[in-house]
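Here is a short briefing to read alongside the model. Take a moment with the sequence and the structure, and then walk through the points below.

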Amino acid sequence: MALLEVRDLKTHFRTDDGIVKAVDGVSFSIEKGQTLGIVGESGSGKSVTCLTIMGLNPKRNTISSGEAIFKGENLLAMSSSRLRDIRGNDIAMIFQDPMTSLNPVHRIGAQLVEAIQLHRDVTKRQARARALELLNAVGIPRAERRIDDYPHQFSGGMRQRVMIAMALVNDPDLLIADEPTTALDVTTQAQILTLMTDLQKDFGSAIIIITHDLGVIAEVADDVVVMYAAKVAEHAPVDNLFKRPHHPYTWGLLGSLPRLDADVERLVQIRGQPPSLLNPPRGCRFHPRCPYVMGICKTVEPELLPAGDEADHVQACHLDVATKDREAAKVLAGTMAEAS
Amino acid sequence: MVRYLARRVIWAAVLFIAVTLVAYVLFFLIPNDPAKLVAGKAATDADVKRAAHFLGTDRPFYVQYAKFLDRLVIHQNLGFSFANRQSVNSIVGNAAPVTASLVFGGAIFWMLLALPIGILSALRPRSLLDRASMTFVLIGISAHPIWIGLIFAYFFGFKLGWTPITGYCDFINPSTDCGGPVQWAYHLVLPWATFAILFAALYVRMIRANVLDTMNEDYVRTARSKGAPEHLVLRSHILRNAMLPVVTMLGMDISLALGGAVFTETVYSLPGLGKTAIFGLNNNDIPTVEGVIVFATLAIIVFNLVVDLLYAWIDPRIRLT
Amino acid sequence: MAEATVPVAAATNGGVRGDELLVVEDLKKYFPVTRGIIFQKQVAAVKAVDGVSFAVRQGETLGVVGESGCGKSTMARCVMRLLDVTGGRIVFDGRDITRLSRAEMRPYRREMMMIFQDPYASLNPRKRVGFIVAEALEVHKMGTEAEIKKRVQELLEVVGLNPEHYNRFPHEFSGGQRQRIGVARALAVNPKLIVCDEPVSALDVSVQAQILNLLKDLQSSFGLTYVFIAHDLNVVRHISDRVMVMYLGHAVEIASRTDLYAEPKHPYTGALLSAVPIPDPEVGRERRRIVLEGDVPSPINPPSACWFHPRCPRFREGHCDVETPPLKSFGDGHVAACHYPLERWPMTEDEIRHATGGRVS
């Protein structure tokens with residue numbers, strides 16, 4: 001049985017302008033010890049998906065449906081006190097901006113101790129010892145002295161290490177990392193990604209990593225979900241996704257990326273803007289921007305199905321496999337026709 | 001820390017001299033001779049001259065100012081009133097507790113109102129409570145304290161007879177027929193309420209806005225993601241941060257109000273600093289007015305210092321260097 | 001030390017060729033740190049830019065990369081004369097503009113324009129797009145009202161916006177479209193040089209590609225010269241002809257794009273390159289990384305001699321922390337400031353292990 005299985009997850013926000021369908025029927029699952037990457041642009045629903053799983057959306061204007069079965073229990077249907085037991089204990093989360101994610105008026109030691117004592121019946125002294133152990137594990141130099149410092153006394157990279165320590169302090173089965181390196185410099189990003197993969201080996205946690213950076217995905221993920229306009233466009237094992245991408249949006253993402261290991265004169269640009277989620281396009285949500293658009297795309301919404309013979313590589317696009325393979329090869333060769 | 005204190009004290013001295021000097025200069029621009037008042041209506045020119053010499057007002061103003069400073073710094077003496085020859089020290093000493101009672105009591109009153117209303121309406125934005133409290137804010141900010149005072153005095157004091165309409169009773173030393181804590185509080189209830197309405201309105205708005213802002217901070221989401229229950233999130237993560245600017249404002253408002261809660265004191269005839277200052281102005285009584293100014297300036301300086309220290313204590317990001 | 005004494009412009013440029021639009025020599029910008037009870041006295045300085053020299057040729061793009069706090073944005077603001085420099089020389093189009101007064105700078109303002117990072121913050125929200133784009137034209141009195149309007153509509157079209165949207169406000173546009181407005185504003189007065197300060201780092205990848213393509217197209221149609229500042233090495237590689245790498249206010253390496261990415265000489269450049277994630281899991285698994293320890297030191301109290309020595313995998317005690325490395329030439333305009341430049345790229349696992357004392361990632 002999967003550690004977490006998400007089925008037909010929907011999160012809609014009531015706003016003054018109408019219902020924003022921020023997540024609209026997302027399904028995926030993750031096994032123990034595995035790393036799932038969710039990639040997409042801003043507004044694709046990747047962060048909201050995880051906040052919904054954690055029950056962290058504002059209650060007042062949120063309507064959620066679907067299931068998120070974690071170790072046999074549906075996170076979306078359980079009482080808020082049961083969910084609080086799981087949060088920070090079985091599932092922990094780290095966020096994008098380490099500068100604002102720690103409370104500025106509490107010492108970092110106190111914030112870690114709080115995380116422990118919320119779930120473990122231990123003394124402050126024991127909790128502090130555990131906190132120190134974790135700060136050492138995430139590579140905070142002179143942790144025994146820095147444990148009583150305030151967040152503003154740490155650099156961005158060090159704060160993200162503190163966040164990771166705080167997330168791992170109760171030995172969670174699942175760690176959700178929402179753009180954990182986006183706010184960091186590239187050398188610091190490398191340190192944090194290395195740290196996360198090392199710790200995963202030690203702690204055995206499963207990781208869901210949300211990012212807009214395909215490079216980060218390629219580096220850490222086993223399985224990748226590509227999200228576009230609140231839906232899953234493609235879901236595949238990482239090697240498959242990069243070797244044989246099936247969805248035109250994935251091609252666009254890969255082609256629009258300037259890269260160190262290939263030379264192109266012009267980048268592929270996906271025309272237009274992502275659609276409004278108040279009133280998304282009919283049929284395939286990508287069709288107004290898709291260079292391969294056909295008649296059917298404008299009316300019939302494509303289902304998430306395997307395109308070729310690999311059952312674990314699913315995608316939502318009406319194109320036939322032969323066309324997909326031909327065009328994907330062009331993208332990978334850097335010669336995809338410009339979509340404009 | 002020491003450097004910070006040194007800097008603050010030097011600035012306070014500069015501020016102090018500037019304020020008292022400006023008050024002196026302004027006084028000498030007013031074409032009214034205190035000596036004439038003192039000498040009385042039937043006084044001859046010679047009487048007025050003698051009175052002027054007696055008061056010291058025949059000397060150039062900078063000499064008077066220097067004498068004032070000398071008295072104040074060396075002897076901690078504010079001089080004697082031109083109007084009734086009382087020691088200004090004792091005039092201010094009598095008036096200050098009245099104003100202090102009004103201001104501190106009022107501050108407690110307005111915080112007791114503003115804290116729960118502000119926090120609750122932030123927790124339930126757009127609810128009935130929130131809309132009601134926003135209406136209260138609008139009224140509190142728009143209505144003038146004198147008007148509120150008169151309305152309160154009319155209804156609660158005159159019509160319903162619940163509270164006395166005017167007067168002040170000493171907390172510790174009963175001078176006249178009334179005295180002691182109960183009478184003191186009883187006489188001050190209406191002034192407190194009047195004084196507190198405006199500030200309570202301002203503070204409800206500020207607290208609500210701060211709490212709403214803080215609720216959207218990333219570290220509040222972090223706290224929830226740790227599995228913290230809502231009451232803990234509110235107490236330990238939201239309120240502590242949301243109260244930082246409130247503390248600053250509270251310090252500034254209290255110290256300003258100590259300088260004279262003129263309107264409220266006027267309505268309820270409370271013998272506080274505001275009334276004293278107005279009395280001094282009407283009688284060209286420089287020593288009394290300067291006395292109030294000196295006291296108010298000191299109060300503001302001391303209070304701001306206290307607030308800064310308090311702020312540094314609750315917000316570790318502030319370093320007093 | 002001989003290399004350090006050659007004229008800087010020559011050292012950074014493979015010889016002065018006469019077609020440089022912008023020459024910067026030994027540029028310094030220190031921000032004072034003051035302290036005092038009443039009279040503030042300077043007790044230290046943040047050396048944001050500390051002796052940077054480079055040249056930009058007519059029609060080329062010089063990419064500037066570095067991590068936050070390396071001084072790249074301060075450098076750009078100095079070149080634009082938005083900040084007064086502490087030392088050094090800025091020569092624009094053959095004229096020394098380092099100490100020009102505000103009034104003397106005015107004619108140069110229309111020859112050098114800037115595009116900013118945040119398309120949300122850099123456009124006045126209360127002004128219509130037409131006004132924002134036209135402002136520079138009006139300041140420099142370039143045409144009648146009708147001519148200016150026509151020009152603005154042309155510009156909007158050039159940057160891929162609907163000219164009919166002349167009367168809209170910035171908030172009615174998406175992030176990418178706002179950056180296009182920023183580009184149109186910079187283009188309005190036909191500048192020779194455009195300094196782009198992180199123009200795409202706030203944008204999503206697909207929109208980023210649109211803006212990068214636009215900048216390239218505009219360069220070839222109008223013969224523009226760019227100084228392109230970014231922290232993303234992929235983006236800089238894509239857009240630049242030559243690249244300058246900055247660390248702690250210093251230029252540590254300058255080279256043509258191909259040389260810098262194929263044969264980096266400075267270990268910091270190597271570490272940066274090896275830290276960039278590559279969107280190809282196979283390549284990624286093959287690759288070995290130079291992991292830098294710790295954080296960038298404070299520019300108030302920078303390390304002695306070589307600024308990179310406390311984090312450098314090739315650090316040699318008694319040399320790197322004693323003698324400041326000069327910019328050494330590696331031929332063809334490739335210079336780097338290092339006593340022990342990299343010999344081979346990519347480094348083998350053994351070389352990294354040797355260099356980092358056993359850490360390979």
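Helices (H or I, at least four residues) and strands (E, at least two) are DSSP runs, numbered from the N terminus.

- Is A:A221 buried or exposed? A residue is buried if 20 or more other C-beta atoms lie within 10 Å of its own; A:A221 has 24, so A:A221 is buried.
- Beyond its neighbours within four places in sequence, A:A221 is in contact with A:T35, A:L36, A:G37, A:I209 and A:V238.
- A:I208 is 13 residues from A:A221 in sequence, and their C-alpha atoms are 8.5 Å apart in space.

**The two domains of chain A**

- Chain A is assigned a domain 1 (4-225) and a domain 2 (242-332).
- Taken over C-alpha atoms, the centres of domain 1 and domain 2 of chain A are separated by 29 Å.
- Between these domains of chain A, 9 residues of domain 1 are in contact with 8 residues of domain 2.
- On the side of domain 1 of chain A that touches domain 2 of chain A, β2 (18-30) and α8 (214-220) of chain A each supply at least two residues, and β2(A) has the largest share with 4 residues.
- That side of domain 1 of chain A divides into 4 nonpolar, 2 polar and 3 charged residues.

**Where chain A meets chain C**

- Here 36 residues of chain A are in contact with 35 residues of chain C.
- Four helices of chain A, α7 (186-203), α8, α9 (238-243) and α10 (248-255), each supply at least two residues of the side that touches chain C.
- Which of them gives the most to this side of chain A? That is α7(A), with 6 residues.
- By residue type, the side of chain A that touches chain C divides into 15 nonpolar, 13 polar and 8 charged.

**Chain B as a whole**

- Chain B has 13 helices and 0 strands.
- The C-alpha atoms of chain B fill a box of roughly 85 × 55 × 35 Å along the principal axes.
- Of the 321 residues in chain B, 35% are buried.
- Counting contacts in chain B between residues at least 6 apart in sequence, 69% join residues at least 24 apart.
- The domain assignment of chain B gives domain 1 (32-77) and domain 2 (93-314), and the C-alpha centres of these domains of chain B lie 39 Å apart.

**A helix pair in chain B**

- Helix α5 (residues 88-123) and helix α12 (residues 273-282) of chain B pack with their axes 8 Å apart, at an angle of about 140°. That angle makes α5(B) oblique to α12(B).
- On the α5(B) side the contact is made by B:I91, B:A95, B:A96 and B:T99, and on the α12(B) side by B:L273, B:G274 and B:T276.
- The residues of this contact between α5(B) and α12(B) divide into 4 nonpolar, 3 polar and no charged.

**Confidence in chain B**

- The mean pLDDT of chain B is 81, and 92% of its residues reach 70 or more.
- Among the elements of chain B, helix α9 (residues 218-225) has the highest mean pLDDT (94), and helix α2 (residues 34-39) has the lowest (68).
- Where pLDDT is low, the predicted coordinates should not be read in detail.

Definitions and conventions:
Residues numbered from 1 in each chain as written. Chains lettered and ligands numbered in written order. Predicted model: local features only at pLDDT ≥ 70, side-chain atom pairs only at ≥ 80, totals over all residues. Buried ≥ 20, exposed ≤ 12 C-beta atoms within 10 Å, placed from the backbone. Contact = placed C-beta atoms within 7 Å. pLDDT = per-residue confidence, 0-100. Domains from an automatic or database assignment. Nonpolar A, V, L, I, M, F, W, Y, C, P; charged D, E, K, R; others polar. Axes fitted to C-alpha atoms, helices over the stretch in contact; angles between N-to-C directions. Parallel < 35°, antiparallel > 145°, perpendicular 65-115°, else oblique.
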